[in-house]
Structures are given as structure tokens and as C-alpha cells.
Amino acid sequence: MRSWALIPARGGSKSIPGKNLISVAGTPLLDYSVRAAQAYGAFERIICSTDDEQIAARAENLGVEVVWRPEAFAGDDAKVDAVIQDLLEKEAPDALPDVGVLVQPTSPFLLPNHISGLLDVLSARPSARTAHTVVPVSHNQHSWNQRKIVDGMAEFVFHDERSQARNKQEKPNLYVFGNLIVARVDAILDGSGFYASPCATMEINRPYEFDL
């Protein structure tokens with residue numbers, strides 16, 4: 001499948017100012033996912049969508065194509081599906097790839113084999129419109145073990161379910177998002193986005209799912 005790597009790197013981060021360029025082990029955070037995409041070696045294009053001059057300069061320094069996002073998609077409420085849909089709609093239809101790979105700049109442990117593996121999963125499942133890497137939820141973090149605090153007192157959120165399955169082996173296997181999403185371009189263009197169903201999955205191990 002023809003594929004593009006799409007890196008959404010907005011400049012404004014309130015949780016960690018300048019997050020996408022913050023130094024992690026002496027290297028800008030953005031570099032890790034960009035280098036994984038480059039090491040994969042089969043993307044037709046690697047595109048960074050940004051509204052920030054410093055991010056643009058760093059991406060260009062890494063050899064990545066930069067596309068400036070419209071002001072409407074530069075705020076805190078900007079949705080990545082809309083950002084990427086807008087980017088693709090501005091391209092010539094006959095030049096578009098089969099698949100868009102959402103490479104998040106906040107995933108420093110992304111590996112090239114995560115990319116190739118997830119694309120293989122999507123290719124092998126023609127009915128799937130998207131595919132995500134996933135990580136198993138640990139027993140302690142399982143939703144049936146989670147508590148809420150009411151008037152200073154702890155209560156199980158899923159009390160009835162937990163009372164019927166207290167042992168790890170009796171609980172259903174649950175998963176959280178890993179570090180990568182791929183979507184067929186038609187799902188992005190029709191507004192279904194990167195979470196369109198049916199969605200295939202590839203399991204990865206911790207701590208590769210870490211997101212800053």
C-alpha cells in the first residue's frame with residue numbers, strides 16, 4: 001500500500017509548554033517519532049502539520065516536509081482528524097496514498113517495526129478501515145478494579161462486575177491505545193477519521209505505548 005506519514009505537531013501546549021520540542025535525553029521530543037518514520041523507509045512522504053515556526057524549522061532540519069495548518073486548526077480544540085482531512089483535501093486526488101499513518105510527535109518509543117507491522121495488519125484485513133497498536137491493561141488498572149471517590153470515600157465504579165470476577169483470570173481482557181494509528185485515506189476523507197470501524201489491532205509491549 002502507498003502510505004504517507006502524517007505528523008500533527010501543534011505549537012501550543014498548555015500541559016507542557018513547547019512540548020513537541022522539549023528535550024528528552026538530550027534530544028527534541030519530535031525527533032524520535034520522525035526518525036522512526038524515516039527508518040521505516042517506505043513512506044512516499046513524511047509531512048509535519050504545524051502552526052509553529054520553531055517546530056517547522058526543526059522538522060525541516062530533520063528532512064521532513066512541512067505543511068502549515070490553517071488558523072482554524074491551531075487552537076486547543078483542534079481535532080487531528082479534521083487537521084489531516086484538511087491537509088489531504090488540498091492534495092490532487094490522483095496523488096493521494098492508500099493509507100495515512102498518524103505518527104504522533106509525543107510517542108518517543110515508536111519503532112520502525114511498529115509501523116511496518118501495523119501496515120501489514122491493515123493490508124491483511126481488507127474489511128478494516130483503520131488499525132491501531134494496543135497494549136493490555138494490567139490487572140491493577142483494569143476498569144473493574146477502578147474506584148471513584150464519593151464524599152471522601154472510595155467506591156468501585158463497576159461494583160457488580162467486580163463482585164462476580166475478583167480474580168485476574170475471570171476478568172475480560174482489556175486494552176488501551178498503543179502508539180500508532182493507520183487509516184485508509186477514504187476513511188479520513190469521508191470524515192470517519194482515524195477511529196473508523198472496523199478497526200484491526202496489533203499488540204505491542206510496554207513501555208512502547210508511552211505518550212508524553
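At what angle do α1 and helix α2 (residues 53-61) pack, and how far apart are their axes? The legends below, which refer to a predicted model, start with this pair.

**View 1. Packing of α1 on α2.** The two helices meet at an angle of about 40 degrees, and their axes lie 11 Å apart. From α1, the residues in contact are Leu30, Asp31 and Arg35, and they meet Ile55, Arg58 and Ala59 of α2. By type, the contact of α1 with α2 holds three nonpolar and three charged residues, with no polar ones.

**View 2. Packing of α1 on α4.** Helix α1 (residues 29-40) also packs with helix α4 (residues 112-124), here at an angle of about 60 degrees and with axes 8 Å apart. These two helices are therefore oblique to each other. Their crossing is right-handed. On the α1 side the contact is formed by Ala36, Ala37, Ala39 and Tyr40, and on the α4 side by Pro112, Ile115, Ser116 and Leu119. Seven of the residues in the contact of α1 with α4 are nonpolar, one is polar and none is charged.

**View 3. The seven-stranded sheet.** The strands of this open sheet follow the order β5-β4-β1-β6-β10-β7-β11, and their pairing is mixed. The edges are taken by β5 (65-68) and β11 (199-203); each has a single partner strand, so one side of each is left without a neighbour in the sheet. On average, neighbouring strands are turned by 30 degrees against each other, direction ignored.

View 4. Strand β4 (residues 45-50) pairs with β5 in the parallel sense, over four bridges.

**View 5. The buried residues of α3.** Val83, Ile84, Asp86, Leu87 and Leu88 are the buried residues of this helix. They pack against the strands β1, β4, β5 and β6, and also against α6 (185-189).

**View 6. Two cis peptide bonds.** The bond from Ser197 to Pro198 is cis, with omega near 0 degrees. Pro198 belongs to the loop between α6 and β11. Another cis peptide bond joins Arg206 and Pro207, where omega is about 5 degrees. Pro207 is placed in the segment after β11.

View 7. Ala25 sits in the loop between β2 (23-24) and β3 (27-28). Phi of Ala25 is near 55 degrees, a positive value in a residue other than glycine. With a relative accessibility of 77%, Ala25 counts as exposed, because the cut-off is over 50%. Asp151 lies in the loop between β8 (147-150) and β9 (153-156). Although not a glycine, Asp151 has a positive phi of about 55 degrees. Asp151 counts as exposed at 77% relative accessibility.

Key:
Residues numbered from 1 in each chain as written. Predicted model: local features only at pLDDT ≥ 70, side-chain atom pairs only at ≥ 80, totals over all residues. Heavy atoms only, no water. Axes fitted to C-alpha atoms, helices over the stretch in contact; angles between N-to-C directions. Parallel < 35°, antiparallel > 145°, perpendicular 65-115°, else oblique. Left-handed = near helix turned anticlockwise from the far one by under 90°. Contact = heavy atoms within 4.5 Å. Nonpolar A, V, L, I, M, F, W, Y, C, P; charged D, E, K, R; others polar. Pairing = 2+ DSSP bridges. Buried < 20%, exposed > 50% of the residue type's maximum accessible area, 1.4 Å probe, protein only.
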